[in-house]
Amino acid sequence: MKIYCNTFTEHRSLPSSNKGRRHTKTTLALAKHPKTAQISLILFTNQAPTGKKYIISNNIQQIMTKFANKGKFTIRFKVPDVDLFVEGDPMDLTKFLQYLHKMLTNKTIEETCSLAVVDTKPKSRRLKISSRADYPKNGLPDYLEELYYNIGKFDITNKVIRLTRLRLLDLSHNGIKNVPKELNRLPNLGTLNLSHNLLGLGDNSSNWLCENFTNTLHTLNLSNNELKSLPRAISKLRHLHTLDLSRNSLTSLPSGIASLKELKKLSLSNNKLQSLPGRMMRMNLAELDVSDNNFSNAICESVPRNWSFSRITSLKELAAKVVIKSRVPYPPGSIPYTLIRYLDGVEFCTCDKPIFENFARITVGRSYRANLRNVSTNVTVSNNEDLRVPLDLLVCSQKCLSHCR
Ligand SMILES: [Zn+2]
């Protein structure tokens, strides 16, 4: 058993000097002598590459583990009269202490020191908080990997963003109107549940849909939020696998949803959709639920025959197209903020070209309806509805328009 950590040794008989206390990078190993069964702790450092050995058997006065959860513990040896301060990854340290405890409580070793202070219970990395009373007295443990916080109000953003190991965050049932953008600082967050909130009543900002989330988020639940539209920046979540948008008031979807190449499960049930973006027909989903929408009430519009596209493209549009074409990520600060906002509003033509201002929109009628079987292996529709839905097509040029007619 060995761990990588930082250590500092202090002789109790020597005058203590906190000023010069500097921890050293150490490989800490536990070893058992094959013949004598004596257990030793060996510290390998740059200064002592062959290892500095401390006998453990019958030689520990105390192990101080009060801050083991914070990644610190101290071993007080009898001989020499040394205190060994250890700092490292809380999980590594806990494992190490458990292993040490196991070795010391072995029947063949008569250990005189009390190890009652060693907390060897495995720590639960999941925490459910349904009321204020459930909140831990010592704060949220930093080893948490799953947090369910559903008390009707979310006001602990600053505490949550310190939980860097968090993989799942459930913030459903909290009355959230605006998602705190700080949440995207969580470096490992894969699953975010924001269902049963009030995002549709907020400022509809998509600030939170950026940076880390685009790399880590694979499951997003935005159901039951009174959403009337979906932030177009949703198309940035390129690793999204599961997206639940059910039970909202969505009347249309941004065409960028079809850019989510890894998306497999999409629920759009119980909305007010009259059509689906034409680009969605290129998607390859495993499960698609479009039940309880307004497809049968779609008003099919067509653009006039003499529709003309502007030949002059704005500089902003040209700059945005270059950014998209180069496929370079654009974190805040890398390009002007106005350009980032502009890029967040991107739509796509049926030919896959990005379009911003200069485009025509058509909802194509019954004869063009696309079969959802071509989009997803499993499709759920309402009773009496067929698998073909009207399509919302965006076109960038006269040429693409003539393809749609
Ligand atoms: Zn086009």
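Visitor: Which residues does UniProt list for the domain "Disease resistance R13L4/SHOC-2-like LRR"?
Guide: The UniProt record, an unreviewed entry, gives residues 217–290 for that domain. Keep in mind that the model here is a predicted one.

Visitor: Okay, and how much helix and strand is there over residues 217–290?
Guide: That stretch is 0% helix and 22% strand. Its end C-alpha atoms sit 23 Å apart.

Visitor: Zooming out, how many helices and strands does the protein have?
Guide: Six helices and 23 strands.

Visitor: Is the protein a compact globule or more spread out?
Guide: More spread out, because its radius of gyration is 30 Å, well over the 22 Å that the globule rule gives for 405 residues. Along the principal axes, the C-alpha atoms fill a box of roughly 95 × 50 × 40 Å.

Visitor: And what share of the residues is buried?
Guide: 28% of the 405 residues count as buried.

Visitor: What about contacts between residues 24 or more positions apart?
Guide: Those make up 45% of the contacts with a separation of 6 or more.

Visitor: New topic: where is Lys70?
Guide: Lys70 is in the loop that runs between strand 5 (60–64) and strand 6 (72–77).

Visitor: Why does Lys70 count as partly exposed?
Guide: Lys70 has 14 other C-beta atoms within 10 Å.

Visitor: How far is Lys70 from Met91?
Guide: Lys70 and Met91 are 21 residues apart in sequence, and their C-alpha atoms are 9.4 Å apart in space.

Conventions
Residues numbered from 1 in each chain as written. Predicted model: local features only at pLDDT ≥ 70, side-chain atom pairs only at ≥ 80, totals over all residues. Helix = DSSP H or I, 4+ residues; strand = E, 2+ residues; numbered from the N terminus. Rg over C-alpha atoms; globule rule 2.2 N^0.38 Å. Buried ≥ 20, exposed ≤ 12 C-beta atoms within 10 Å, placed from the backbone. Contact = placed C-beta atoms within 7 Å. UniProt positions renumbered as here; feature names shortened; annotations may be inferred.
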